[in-house]
Structure formats: structure tokens, C-alpha cells
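Me: I would like to go through this model piece by piece. Please keep the answers brisk.

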Amino acid sequence: MEIKNICCIGAGYVGGPSMAVIALKCPNIQVNVVDVNQTRIDRWNEKDLNKLPIYEPGLDNIISKCRGENLHFSCEVEKNISKADMIYISVNTPTKTEGLGAGQAIDLKWVEASARKISEFANGQTIVVEKSTLPVKTAQTIQEILNCSNKKKNNTKTFHVLSNPEFLAEGTAINDLLHPDRVLIGGNNEQAIQSLCEIYSNWIDKSKIITTNLWSAELSKLIANAFLAQRVSSINSVTAICEATGANIKDVSSAVGADKRIGKHFLNPGPGFGGSCFKKDILNLVYICNHYGLNEVSNYWQQIININHYQQKRITGLIISKLFGTISDKTIAIFGFAFKENTNDTRESPAISISLELLQEGAKLKIYDPKVSFEQIKKDLAPNNQTLSHPPKVNNWEFYNDLYDATINADAIVILNNCEEFKDLNWSKISKNMRLPSWVFDTKGFSNTTEAEKFDINIWSVGEG
Ligand code: NAD
Ligand code: UGA
């Protein structure tokens, strides 16, 4: 079946970039990205490309080439579903906050709502592609919902559901989409699988396109994220051992990673992993294991999250203890608020939990991040933010557009992500701004802090014993 018209439901961090790349590489396919969020769609349609709703290196360039040609953003969900031969579901799948499975299971209400719309408004033969990360067996639920339209209205619509999980990482999304390690397609209809393979083979070597059954594809995505997060938790657990014993995490990490069987990637220490997916996907895995009575397996994966939480707590405890046990009325500069460099995404950012703890202890924060807006931080640290377990009592923080201004009268600086600007800081200038004794806490071991020592600044760098 030749695909001429794609509709993607969900114009987020995955829907936007992944459809932009399909539009770029498949000029003969019309790609319509739809969303219920009008503000987000308006920002995708902004003339000023600096105002796109998400920041990804290289995305603006593709948008400028394809938007209005074969790539369109709108809130016309029903109309675009009805025109499509292939429909991607790329909506949010957060952890449930209430009811059965709260705190672990995935809330599938946005996926179900999408499936119901497709069932009602799609025409003829439609391929439905799961792009969102989903619990194993969700394809079955989607298929059942899709089939309802035929039962109720005596239609003769045909739906084939495929699982095509996305492996892009934020900050490198465009490169990951253009040059993926693999594309995974799960399904039980050979013709539908071939149609999707043909789209990707416009720019990806066929040897990198893996096809499996539906359940293997759905599960592989969860397991890939769990393995990546496991490496981060493993290396972070080792930072504590290094600090206790006098070893150095950078040496340990490179010595261990030099073994080809282990590999050097994802062995960088930090304040714990953030981002919208690692935690929710592992919690989902834990939930699935429990559902099947695999309690030992679920306990094993839960430990990855426990270590992540421990690392964040350990770092805040350390900051307080180095600053003589109290940070009440002390000023702390936060460098980096996004969960990683090169993104404006703050979901599950360690900066949120660490900032909250510091605020609770009475510190005043001066926050700098080149990609994150004041409005976003205001939402994340709002005293009435329902998603926080301990919202701050006061808004005792300020937003800075210049990182050096943020250090004026600061007692400490906490570096929380690998933003390029933090690599080579002017410590001479910073030391003049700070109060004595001055401290720098480099939670990523990324900055040129050995230089800082020359200016009488005390340094704590993660994993340096
Ligand atoms: P997101 O929150 O940025 O975007 C989801 C969008 O879907 C939102 O704009 C929302 O308004 C829209 N939406 C929800 N229900 C809708 C409906 N019924 N009709 C139309 N629009 C609807 O989420 P995201 O980060 O793009 O993630 C989407 C999925 O992809 C998740 O399952 C996630 O686990 C997975 N994923 C994310 C990443 C990542 O880096 N963010 C990477 C791989 C996979
Ligand atoms: C991650 C995966 O890398 C993607 O393959 C996956 O598609 C995506 O989740 C998803 O499903 O959402 P992402 O969360 O965007 O991508 O970014 P990562 O580069 O994986 O970083 C995640 C977190 O781990 C960040 O907080 C990062 O700082 C931290 N990290 C990563 C480390 O602390 N050390 C490392 O060595 C690597």
C-alpha cells in the first residue's frame, strides 16, 4: 500500500521532530501533525523560528524547508485523520497519578482518546502506528477500539496496528532521526509492515530496519530505556564509592568502558537521570512485572529508580553539610535547569528536586539556563504545583539571563547539566562576585573546576575522592 498522506496525533517532542524528518525525506508524502493544544500548534506555525515550542539543534532548518510544503501543523484532528492512509499516535503517556496502579502504571487515556477518534473518522484502509512508548499488549487494546466503528455503524473500515517505538534522545533528536542505530517495526500484517519500511528506507539502510511481532517491539522500547537508565544508576552508585575511597570516577568510568563488551557510552556521572521517560518507563516495567507475578524482577528494576532518588538526596545533603550545615539565607546559583543540555525540556529534571530541597532549607536561588524560560521555571517551582510531593512555601528564587550576574553575592554554585557554557567558566570573574568561603558543586564533573581552585574557590566534583 503506497502511503501518500500521514497524520500524526501529538505535536510534542517526538511528534514534531519525527514528522519533520519524514516530511524532509519523503517529499511526495503530505504530513499533517495535529494536536488539541492550540497554543502549541500556534508556536509550531510561528514565523520566528526561535519561537518553536521545542528547541532541538537543526529542527528550525527542516521546519523552514518543509512547513507549508508537505508539513502542516493544525488542531484539525478529525479532518486530518479522515484524509490519512497512515496515522501515528504520538501522544503523552505519563504515569497514572490516581486510581488503580497510581504511581506506576501508564495513563493510557490520551492513547485511548486518539484511537477512538481514529475509529470514528478514518476512512477505508488505515495503518495505525504506535509511536508513543506503551505497555506491552497496548496494540491489542487499540485494535479493539478501532474495530468498534465497524461493529456499531456497519462500516467496512480496515485497520492494521503497528508498533514503531521512537529511540531519539532530546538535544540530539534530529541527528538520531536522520541516522538511527535501528528502526523497530512490530506488527502482524506483512503488507502494513512493508508500507512503513518503505517510508524509512527513503533514508535509512534496510539492514537497520528490524521487524518483529507487536509484543517484542513494544517491550523492546521499555527494555532499551531501562538498560540505559540502569547504566546511569550504576555509574552514579559508583560515584559514592569513589568519594568514600579516594578513587576518581572519570578514571574508573574510562577504564571500565574501555572493555568493548561494556562500552563507553552512558557512563557519565551526574545528579541522577531526568527527562520525561526513564522514570515513567521503568515504573511501567515494574508494574507489568508485578502484574505477571514476577516480584523479584520488579524489585530489580525498582532499584534503578531508588538509586536515582538517592543520588539527588545525597547531593543536596552534601551541599548543606559543606556550607556549615545550614543554607538558610544563603545564596546559591543554579547553573542548568533543563534535564540535559541542548533542550528546553525540564520534565523530571534533577534541577527541580534539588532546587526544591534547597528552597525548603531556606536558601535563595539564582537560576540560569540558556534554553529554559522564566515562565517554565515558575511553573516547575510553583508553590501550588500539584505534581510536586513537597511544593516550596515561598518563591525565593530569581531568574538570570547572564550566568555571571547569577553569581553576585552567591555562597555556592551548583552545576546541574552539561550546557556548553559551563565547560570553560571565567573563575577569576566569578570569584570576585562570590561571598567567601565560596563553593562550587559540579554534579556532572564537567566544568573546568581545577582552574577555580586557583581563585580560592572550594570544589566538590561528583565522584572525585
Ligand atoms: P509531549 O507531551 O511533548 O507531546 C504529546 C502531545 O500530544 C501534547 O502536545 C498533547 O497535547 C498531545 N495530545 C494528547 N492527547 C491528544 C489527543 N487526543 N489528540 C491530539 N493531541 C493530543 O510528549 P512527547 O515527549 O512527545 O512524548 C510522546 C510519546 O513519545 C510518549 O509516549 C513518550 O514516552 C514517547 N517518547 C518520548 C521521547 C522524548 O524524548 N520526549 C522519546 C521517545 C519516546
Ligand atoms: C532517552 C533515551 O536515550 C532515548 O533513546 C529514548 O528514546 C528517550 O529517553 C525516551 O524514550 O524518551 P533522553 O531522556 O531524551 O533520551 O536523554 P538521554 O540522553 O538518554 O539522557 C537521560 C538522562 O540521563 C539525562 O538526565 C542525562 O543527563 C542522564 N545521563 C545520560 C547521565 O547522567 N549520564 C549519562 O552517561 C547519560
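Me: How many residues does helix 11 have, and what does it reach from its first C-alpha to its last?
Reply: This is a predicted model, in which local features need pLDDT of at least 70, side-chain atom pairs count only at pLDDT 80 or more, and totals for chains, interfaces and linings use all residues. Residues are numbered from 1 along each chain as its sequence is written, and chains are lettered from A and ligands numbered from 1 in the order in which they are written. Helices (H or I, at least four residues) and strands (E, at least two) are DSSP runs, numbered from the N terminus, and the expected span of a helix is 1.5 Å times one less than its number of residues. Helix 11 (residues 278–291) has 14 residues, and against an expected 20 Å it reaches 20 Å.

Me: Is helix 11 largely enclosed or largely open?
Reply: A residue is buried if 20 or more other C-beta atoms lie within 10 Å of its own, exposed if 12 or fewer, and partly exposed in between, with C-beta atoms placed from the backbone. The buried residues of helix 11 include Phe-278, Ile-282, Leu-285 and Ile-288. Ten of the 14 residues are buried, so helix 11 is largely enclosed by the rest of the structure.

Me: What covers the buried residues of helix 11?
Reply: Two residues are in contact if their C-beta atoms, placed from the backbone, lie within 7 Å. The buried set to be covered also holds Lys-279, Lys-280 and Asp-281. The cover includes helix 9 and helix 12 (295–322).

Me: Which residue just after helix 11 takes a positive phi?
Reply: The helix itself runs over residues 278–291. A phi of about 75 degrees comes just after helix 11, at Gly-293.

Me: How far apart are the end C-alpha atoms of helix 12?
Reply: Helix 12 has 28 residues, which should span 40 Å at 1.5 Å a residue. The span in the model agrees, at 40 Å.

Me: What do the buried residues of helix 12 pack against?
Reply: An α-helix has 3.6 residues a turn, so residues three or four places apart point the same way. In helix 12 the buried residues include Trp-301, Ile-304, Asn-308, Gln-311 and Ile-315. They pack against helix 9, helix 11, helix 13 (350–360), strand 12 (412–415) and strand 13 (439–442).

Me: Where is Gly-274 found, and which residues is it in contact with, leaving aside neighbours within four places in sequence?
Reply: Gly-274 sits in the loop between helix 10 (249–257) and helix 11. Gly-274 is buried, with 25 other C-beta atoms within 10 Å. Pro-350 is 76 residues away in sequence, yet its C-alpha is 5.8 Å from that of Gly-274. The contacts of Gly-274 are Phe-339, Lys-340, Glu-348, Ser-349 and Pro-350.

Me: Is Ser-349 buried or exposed?
Reply: Ser-349 belongs to the loop between strand 9 (331–335) and helix 13. Beyond four places in sequence, it touches Gly-274, Phe-337, Ala-338 and Phe-339. Its count is 28 C-beta neighbours inside 10 Å, so Ser-349 is buried.

Me: Which residues are closest to ligand 2?
Reply: A residue is near a molecule or strand if its C-beta atom, placed from the backbone, lies within 6 Å of it. The shell around ligand 2 draws at least three residues from each of domain 1 (5–221) and domain 2 (278–461), with bounds from an automatic or database domain assignment. Helix 9 (residues 214–245) gives the largest share, three residues. Of the 20 surrounding residues, the closest are Asn-268, Gly-270, Phe-273, Gly-275 and Cys-277.

Me: Which residues are closest to ligand 1?
Reply: Helix 5 (residues 109–121) gives the most to this shell, with three residues. The shell around ligand 1 has 27 residues, and the closest are Gly-10, Gly-12, Tyr-13, Ser-132 and Thr-133.

Me: Which residues touch the most other members of the largest nonpolar core?
Reply: A nonpolar core is a set of buried Ala, Val, Leu, Ile, Met, Phe, Trp, Tyr and Cys residues joined through C-beta atoms within 7 Å. The largest one has 59 residues, and helix 1 (residues 15–25) gives its largest share, six residues. In the largest core, the residues that touch the most other members are Ala-20, Ile-87, Val-128 and Val-129.
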